[in-house]
Amino acid sequence: MTVTAIHRYPVKSMLGESLTRCTVGPTGVVGDRAYALIDSETGVVASAKVPRRWADLLAFSARFVTEPEAGAALPPVEITFPDGSVHRSDDADIDDALSSALGRPVHLAAEAPEGAYFEELWPDVEGLAPQQLIDDTTIRHEETGEVISKFDISAFGAKGTFFDLSPLHVLSEATLDHLRELAPDATFDARRYRPNFVVSGDAGFAENDWPGRSATLGGATVTFSFATMRCVMTTLEQGDLPRDVDTLRTIAKHNRIEIPQIGGVWACAGVYADVTEPGEVSVGDPHTEVSTS
């Protein structure tokens, strides 16, 4: 197998960058989810997982002005707004510009504050997550009746980062191809799932068997932790991709996985990973299993 695409998302829930090479540091692809917006009224980390409030984030895109380096201060990011205007993270008025565009007071942060959390809406799709977990984490309901849960940021990632759960996300082309076979009219595209690495693979949901195994991605070594649970964000309009709930319904119908680390059965596609040995990764590099624990 080989690495066929590399993606980095400098600002959480905004569109990101496609790269030909990257550095994988101890906490993931250097520069990935380096910044996020914080709701100035509630302190919540803005995430398109609550579409009514934050889906517009997917109409923004972000890229680094210069390549970030492991252990060095973050360079600024250039943010393209939905109206086509371009701003930088180091502009004096960046928070005002973002607040005006989103219609809500926000500020751009480069470190998750103590006690940071995000919220997630559960759409009307059967089989997404364990009902007990949804019940235990519910904080409110939308006007539609849909449930919104609250989760600590970076529950399995490095403290102070903006990852929801894990520092790396890998998705195989085999999984995307299989999903297209299962629902030919749906718009399956890697961009919906926001992976760091897309890799070639075998048939079917190839990543289902990877948790517990270690592998090399180019010059980096990773250990796969657990399957990637899918959410409402994958259904939203983003870039030239339309809103498409069938992309999530198909996963929930055909690939529900037991995740021991969290408990219960979840609708999954892809796999999370932790960094065992940092290194450089380029498109075309081999993705090779090195051990099974």
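Biologist: How many bridges join strand S11 (residues 138-141) to S12?
Modeller: This is a predicted model, in which local features need pLDDT of at least 70, side-chain atom pairs count only at pLDDT 80 or more, and totals for chains, interfaces and linings use all residues. Residues are numbered from 1 along each chain as its sequence is written, and side-chain values use heavy atoms, with hydrogens and water left out. Strands are DSSP runs of E, at least two residues, numbered from the N terminus, and two of them pair if DSSP finds at least two bridges between them. S11 and S12 run antiparallel, and the number of bridges joining them is 3.

Biologist: Which residue in the hairpin of S11 and S12 takes a positive phi?
Modeller: His-141 has Val-147 in S12 as its bridge partner. The hairpin has 5 residues between the strands, and the residue with a positive phi, near 95°, is Gly-145.

Biologist: What is the strand order of the open sheet of 3 strands?
Modeller: Its edge strands, each pairing on one side only, are S4 (28-29) and S19 (279-282). Strand S3 (residues 21-25) pairs with S4 in the antiparallel sense over 2 bridges, and Gly-25 has Gly-28 as its bridge partner. The pairing in this sheet is antiparallel and the order is S4-S3-S19.

Definitions and conventions: Helices (H or I, at least four residues) and strands (E, at least two) are DSSP runs, numbered from the N terminus.
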